[in-house]
Amino acid sequence: MNKKLNTFSLAWPIFIEMFLKYLVGYIGVFILSKYSDAAVAAVGVCNQLNYLLIILYSVVNSGTSIIIIQYLGAGKKDYVEDIIWISLFVNFIFGVICSIGLVIFCPYILSLMGLKGEILIYGIQYLCITGSMSFIQSVSTTASSIIRAFKYTNISMYVMVIVNILNIIGSYISIFRPFGIPQFGVRGIAVSAVSSQFIGLIILLSILRHKIELKSVTKLCRSNLSKIISEIYRLGIPSAGEVLVAHLSQLTITSIISLLGSNELITRTYVFNLLLFIMMFSNSIGQATQILVGHFVGAKDTERAYKIGINNLKYAILLSGSSSIVFAVLGKNLLNIFTHNQAVIQIGRNLLTISIILEIGRSLNLVVINALKGSGDVKFPVFIGIFTMWGFGVLFSYILGIYFKLGLYGVWIAFCMDEWIRGIIMLMRWKSKKWIYKIVLTSSNDSNISY
């Protein structure tokens with residue numbers, strides 16, 4: 001572990017990995033748009049649910065990453081092996097339980113989210129397949145987060161390249177019927193997704209075994225299970241809780257948007273897929289910041305951790321702001337890739353313009369919250385997130401969008417309110433340096449986990 005610590009070396013593989021991930025989603029939406037707009041809306045909603053599960057799995061992933069990063073920063077690599085095995089095992093069991101639950105309750109969940117008619121049928125076809133294999137995601141996301149904690153962000157990127165290529169090929173075959181193959185539709189898209197994820201999981205586990213040089217799984221039996229699991233969840237629940245609160249609020253807002261009509265729901269799906277490309281600048285810098293801050297505080301260099309958080313925030317604001325402007329200018333051309341519905345295109349163009357303000361505010365949260373997590377200050381973002389996401393994001397989406405009949409414009413204004421208010425509060429927290437007192441490895445708690 002003699003790799004040099006700097007933002008660029010960590011962020012660029014994360015950026016490429018997210019770019020490829022979003023590109024596959026973009027291509028998937030493009031391919032599905034040639035099949036059916038209703039299928040696009042259905043898969044968009046189902047992917048929100050699949051992402052919700054990934055957030056739940058990240059409870060273990062987040063706690064594991066924070067502990068590993070700070071232990072590595074303190075030069076205590078030998079202590080992390082048991083944590084790795086336990087996190088993989090716990091998330092595998094949880095993933096199996098979630099997979100069974102999704103298969104059983106799939107139609108009821110989608111109906112509760114407001115899906116009806118053709119959109120509901122497509123949603124059931126997609127979610128029953130991807131949901132039944134959710135345990136693949138539970139283990140692969142855990143393995144990927146562990147590899148990143150060891151600063152091998154480039155390896156995770158290479159795996160994503162393989163997974164995405166396979167997914168694109170499968171999606172193309174499912175819809176465009178090369179060589180006279182039958183059209184598999186939404187089911188084919190789902191099978192392509194889970195098949196490529198499974199291959200990626202096999203590769204990630206092989207990397208864990210050989211690159212990080214994990215010893216036999218039998219060491220798990222000698223570990224102090226209760227203390228390790230307790231420490232993982234102590235950090236992981238609030239760390240993932242902030243993301244979970246955000247996603248639950250987004251699911252609620254999607255239900256509000258469904259009240260506006262199918263065109264609005266379709267517009268939201270197209271615009272959100274475009275915004276994902278803007279978010280990845282701040283998101284990649286934020287994840288790199290978490291790794292750097294964790295290593296620096298583990299090495300007792302809190303001043304360097306503070307400066308890296310501030311400097312990386314400036315980079316994120318610059319990149320997200322400039323890319324938002326480009327997307328707003330090219331809005332019509334970008335939306336024309338997906339659809340020729342002029343009502344969708346017109347609303348979508350205006351939303352992309354509003355998103356210039358939105359994405360600058362979002363960059364505050366993506367960088368500073370990750371910095372706080374890296375230091376171990378995981379509870380504060382959850383409390384503030386509950387207040388702003390629901391008190392401003394959800395509440396004002398309904399008030400402005402439904403009650404005052406502003407439609408999607410009102411919803412986007414509510415998004416801006418949430419991101420900016422929360423972002424300013426998070427920045428004040430970082431500048432106050434209260435996070436220094438939340439560091440995992442201190443003289444008083446260094447022995448919380450026994451080996």
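Tutor: Begin with Ser355, which is buried, with a relative accessible area of 1%. Keep in mind that this is a predicted model. Ser355 lies in helix α12.

Student: Which residues does Ser355 touch, leaving out those up to four places away in sequence?

Tutor: Ser355 touches Leu275, Ser324 and Trp412.

Student: Is Ile360 buried, exposed or partly exposed?

Tutor: Buried means under 20% relative accessible area and exposed means over 50%. Ile360 has 23%, so Ile360 is partly exposed. Ile360 is found in helix α12, which covers residues 342–375. Not counting residues up to four places away in sequence, Ile360 touches Ile317, Ser320, Gly321 and Trp420.

Student: How do I read separation along the chain against separation in space?

Tutor: Take two pairs. Ile360 and Ile124 are 236 residues apart in sequence, and their C-alpha atoms are 36 Å apart in space.

Student: What surrounds Val139?

Tutor: Leaving aside neighbours within four places in sequence, Val139 is in contact with Leu88, Phe92, Leu201 and Leu205. Val139 lies in helix α5, residues 134–149, and counts as buried at 8% relative accessibility.

Student: Which residues is Tyr270 in contact with, leaving aside neighbours within four places in sequence?

Tutor: Tyr270 is in contact with Val29, Ser33, Asp37, Val40, Leu335, Phe338, Thr339 and Val344.

Student: How is a pair of packed helices described?

Tutor: Two packed helices are described by the angle between their axes and by the distance between the axes. Here, helix α2 (residues 37–73) and helix α4 (residues 117–132) pack at an angle of about 40 degrees, with their axes 8 Å apart. That angle makes α2 oblique to α4. The crossing of α2 past α4 is right-handed.

Student: Which residues make the contact between α2 and α4?

Tutor: On the α2 side they are Ala38, Ala39, Ala41, Ala42, Val43, Cys46, Asn47, Leu49 and Asn50. On the α4 side they are Glu118, Ile119, Tyr122, Gly123, Tyr126, Leu127, Thr130 and Gly131. The residues of this contact divide into 11 nonpolar, five polar and one charged.

Student: Last, the backbone. What should I look for in phi?

Tutor: Most residues other than glycine have a negative phi. Lys405 is not a glycine, yet has a positive phi of about 60 degrees. Lys433, also not a glycine, has a positive phi of about 65 degrees.

Student: Where are Lys405 and Lys433?

Tutor: Lys405 is in the loop between α13 (379–403) and α14 (408–432), and counts as exposed at 74% relative accessibility. Lys433 is in the segment after α14, and counts as partly exposed at 25% relative accessibility.

Conventions: Residues numbered from 1 in each chain as written. Predicted model: local features only at pLDDT ≥ 70, side-chain atom pairs only at ≥ 80, totals over all residues. Heavy atoms only, no water. Helix = DSSP H or I, 4+ residues; strand = E, 2+ residues; numbered from the N terminus. Buried < 20%, exposed > 50% of the residue type's maximum accessible area, 1.4 Å probe, protein only. Contact = heavy atoms within 4.5 Å. Axes fitted to C-alpha atoms, helices over the stretch in contact; angles between N-to-C directions. Parallel < 35°, antiparallel > 145°, perpendicular 65-115°, else oblique. Left-handed = near helix turned anticlockwise from the far one by under 90°. Nonpolar A, V, L, I, M, F, W, Y, C, P; charged D, E, K, R; others polar.
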